[in-house]
Amino acid sequence: MLVRRIWFARTPCSRFLAYRASRTFAPRHSTHTCPLRFADFRETSLHTPRQLLSVYAQLSKLRLTMLVMLSATSGVAMSPLPTTLPILLSTALGTALCSASANTFNQIQEVPYDAQMARTRQRPLVRHAISPLHATVFGVVTGVAGPALLWTMANPVTAALGAANIGLYAGVYTWLKRKSVLNTWVGAVVGGIPPLMGWTACGGKLFPTADNPTHFFLPSFLSDGSLGSSMVNNPLGAMALFVLLYSWQFPHFNSLSHLTRASYAQAGYKMLSVLSPKKNTEVSLRHTVLLLPLCSLLFPLSGLTTWWFALTSFVPNLVWIRAAFAFWRVGGEKQARVTFQHSLWYLPIILALMMLHKQGMGWTEWMNGAPQFEGQKSGSAGN
């Protein structure tokens, strides 16, 4: 009976030990053994294709991967450089594969801790819906296919960013979660990289060069309005996209972690919401406030949007700041939930407004590869 009870323990390790115990400590010809009966075993059924796809989606954290795809495609869409539909689709798919790989390797490492938290104990590896070896193969295949697709269809820089993000999330971030509260800052960097992948997929530069220095796009009444080809590929635009996704992570995750802080504490994760709840609300408020000048100044100055974006983005920013302020002042679960719920609509609304007020021209001409600014076509021909 002891062996039988061990066999039905939840972890694969205990099942393996039970098997070894039944083979090692039960003499082959002894009459005093208590062998396992056939009824004690449960037959393992093979997954149907639909079930397997469902498991893969859970390993990939589908909703998170969709958000990562959205942020990557926003980098393509907001780029002032001409692009094509194949570039847009391959960037989205390649980014999704990289995200699936990172999330899979994250879950492989966190099985013992996911089993202790109510919101994660139904993940595929915890409930033995898929073996660790199968999950590892899935993570390797997607981790190779994603950067390979980005390298082939976009460029090596985009592929390198995708591969680096897999290592940063599945390696540094996952390891830091049980070591330091800095894991949240590393996770925010991970969230800020996908729009850079979309930006570089179109040929955009991440850093200033002699040919592509940083430019500031002032309002029309303060400038002559002429936009040369060298001003199109502005590294300040890449920085603005990165900071938007980086700062958005903090009020989004900090409010969520406040709601699940008991589970994080039980699993031994070093989260700011567990170790210093007040500091957790302060960081959330700080980055929510930072998003206001980012939208009102940095995006128009970078040339990604017109100055009308500074006005239309003011209302959603103000609504979220008000919620984050209440979260900081009261620090209750109700305020945390409101702040988190605001984060879910804030990012799509801001991205939609950015696309609405994109500097330059209409979407039909952009998808057809027309030059966005006067002089861009001649400038591209000279490269």
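A salt bridge here is a side-chain nitrogen of Lys or Arg within 4 Å of a carboxyl oxygen of Asp or Glu. Keep that cut-off in mind for the first stops. The model is predicted.

**Stop 1: Arg-261 and Glu-333**

Select Arg-261 and Glu-333. Their side chains form a salt bridge, with N to O at 3.7 Å. This pair ties together distant parts of the chain, 72 residues apart. Arg-261 belongs to helix H11 (residues 261-267). Glu-333 belongs to helix H16 (residues 333-356).

**Stop 2**

How many salt bridges does the whole structure hold? A search finds three.

Select Glu-110 and Lys-177 next. Their side chains meet in a salt bridge at 3.1 Å, N to O. Again the partners come from distant parts of the chain, 67 residues apart. Glu-110 sits in the loop between H5 and helix H6 (111-114). Lys-177 sits in the loop between H8 and H9. Glu-110 has 3% relative accessibility and therefore counts as buried. Lys-177, with a relative accessible area of 8%, is buried as well.

Now pick Asp-114 and Arg-123. They form a salt bridge, and the closest N and O atoms are 3.2 Å apart. Asp-114 is buried, with a relative accessible area of 2%. Arg-123 has a relative accessible area of 18%. The cut-off for buried is under 20%, so Arg-123 is buried.

**Stop 3: helix H7**

Select residues 132-153. This is helix H7, with 22 residues.

Which residues of H7 are buried? Colour Ala-135, Phe-138, Gly-139, Thr-142, Gly-143, Gly-146, Pro-147 and Leu-150. Then look down the axis of H7. The buried residues fall within an arc of 140°, so they line one face of the helix.

What do they pack against? Show helix H3 (49-59), helix H5 (85-109), helix H8 (156-176) and helix H9 (183-201). The buried residues of H7 pack against these four elements.

Turn to the other side of H7. Leu-133, Val-141, Val-144, Trp-151 and Thr-152 are exposed there.

**Stop 4: Ala-72**

Move to helix H4 (residues 62-78) and select Ala-72. Its relative accessibility is 0%, so Ala-72 counts as buried. What touches Ala-72, leaving aside neighbours within four places in sequence? The contacts are Thr-95, Pro-194, Pro-195 and Gly-198. Draw a line from the C-alpha atom of Ala-72 to that of Thr-95. The separation is 7.1 Å, although the two residues are 23 apart along the chain.

**Stop 5: a surface patch**

Finish on the surface. Select Phe-314, Val-315, Leu-318 and Val-319. These residues form a nonpolar patch, with about 330 Å² of accessible area together. Zoom in on Leu-318, which lies in helix H15 (residues 314-330). Leu-318 has 45% relative accessibility and therefore counts as partly exposed.

Notes: Residues are numbered from 1 along each chain as its sequence is written. This is a predicted model: local features need pLDDT of at least 70, side-chain atom pairs count only at pLDDT 80 or more; totals for chains, interfaces and linings use all residues. Side-chain values use heavy atoms; hydrogens and water are left out. Helices (H or I, at least four residues) and strands (E, at least two) are DSSP runs, numbered from the N terminus. The expected span of a helix is 1.5 Å times one less than its number of residues. Buried means under 20% relative accessible area, exposed over 50%, partly exposed in between (1.4 Å probe, protein chains only). The arc is that of the directions from the helix axis to the C-beta atoms. Contact means heavy atoms within 4.5 Å. Patches are made of residues with over 30% relative accessible area and no salt bridge: like charges are joined within 9 Å, nonpolar side chains (Val, Leu, Ile, Met, Phe, Trp, Tyr) within 5 Å. Accessible areas come from the Shrake-Rupley method with a 1.4 Å probe; for residues, only the protein chains shown count as cover.
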